[in-house]
Amino acid sequence: MMNTQVFHIGYCPELKEATLHYWGCNFKCRGCSCQKLIWDWMLEEFLDARDAEPLEIADAPHRFLSISEISAALEKLELRRVLHMGQEAILDPAYPVLAEMIHRRFGCKNVLLTNGYEMPDLRHTDKVEFGIKAITNGLHRHYTGKSNKRVLRNFKEIYNSGVEMVIESVFIPGYIDVAETERIVDFIAGVDKKLTYVLLPYFKAGNNPWRRPTPAEMEMAANIARKKLTNVYFFRGDEDLQYKVISIFPEAGSNTELEISETHCGVLNPV
Ligand code: SF4
């Protein structure tokens, strides 16, 4: 029974989408949301946490699932796709095994979220959601603790593999701001102007001086991106929530850290 680094499973019935949350990362991002909350940020009981001041570093998970436990949990669900996320899924040796099991057993898509520092095993990966933190290497080092050289090289290698890609970056006023966002957009446009780009607003996590961006700032940054890319989406940060989601693990009502499991998915704004 192979163990994994998966500690949390979420599910959105309307989208038929399960999320596997892994633990462990090779970056130490100053704004990493896991410093504040390790569970799914879309869970209803945690929505206010976006605006709250970070108080203390969240405890790491202590219960991890085996592949057979994950398979049994997913068995009960109608699935269109499974997202591998949380922290860095590809650091878990179980990721390729899980992705293959999901393909073979459930016939649905695997979507991998990654920071790009390691080249992922793409054999059973249908789509990559690639996070670019910064193009300016000094800024990247300051934010993550690591150079972005490998990240940018792996970005091109993943693109050249032909796997579907979506790129995300986080807008942080006064830090990863308009100028750096433009550099990110220029880098993406230099590879392919038609790649889908999603701009996310920073919300407070960790011991940082930065504030959340306003919806107007997000809209303005997205409009700048739209001048060079054809598929730009963004979150304003004040969206109503649209789709119900349940927590599959930990289960609602079980004797676990997570007691309430109803939540909603967010709404994405096309520019
Ligand atoms: S890459 Fe993601 S999970 Fe890793 S430290 Fe940065 S924000 Fe956190």
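Two residues are said to be in contact when they have heavy atoms within 4.5 Å. Among such contacts in this protein chain between residues at least 6 apart in sequence, 70% join residues at least 24 apart. The structure is a predicted model, in which local features need pLDDT of at least 70 and side-chain atom pairs count only at pLDDT 80 or more, while totals for chains, interfaces and linings use all residues. Residues are numbered from 1 along each chain as its sequence is written, and side-chain values use heavy atoms, with hydrogens and water left out.

The protein chain holds 6 helices and 11 strands, taken as DSSP runs (H or I of at least four residues for helices, E of at least two for strands) and numbered from the N terminus. Of its 271 residues, 51% are buried, that is, under 20% relative accessible area with a 1.4 Å probe and protein chains only.

Rolling a probe the size of a water molecule over the atoms shows where empty space is left. A search of the whole structure finds 1 cavity of 30 Å³ or more, where a cavity is a set of points, on a 1 Å grid over the protein atoms alone, at which a 1.4 Å probe fits but cannot get out, and lining residues have an atom within 4 Å of a point. The volume of the largest cavity is about 30 Å³, counted as the space filled by probe spheres set on the points, which are joined across faces, edges and corners.

Which residues line the largest cavity? They are Val 178, Thr 181, Glu 182, Val 185, Ala 221, Ile 224 and Ala 225. Helices α5 (178-191) and α6 (215-226) each supply at least two residues of this lining, and α5 gives the most, with 4 residues.

Technical notes: 1 Å grid on protein atoms, 1.4 Å probe; cavity = no way out; pocket = protein on both sides within 12 Å on 5 of 7 lines; lining within 4 Å. Buried < 20%, exposed > 50% of the residue type's maximum accessible area, 1.4 Å probe, protein only.
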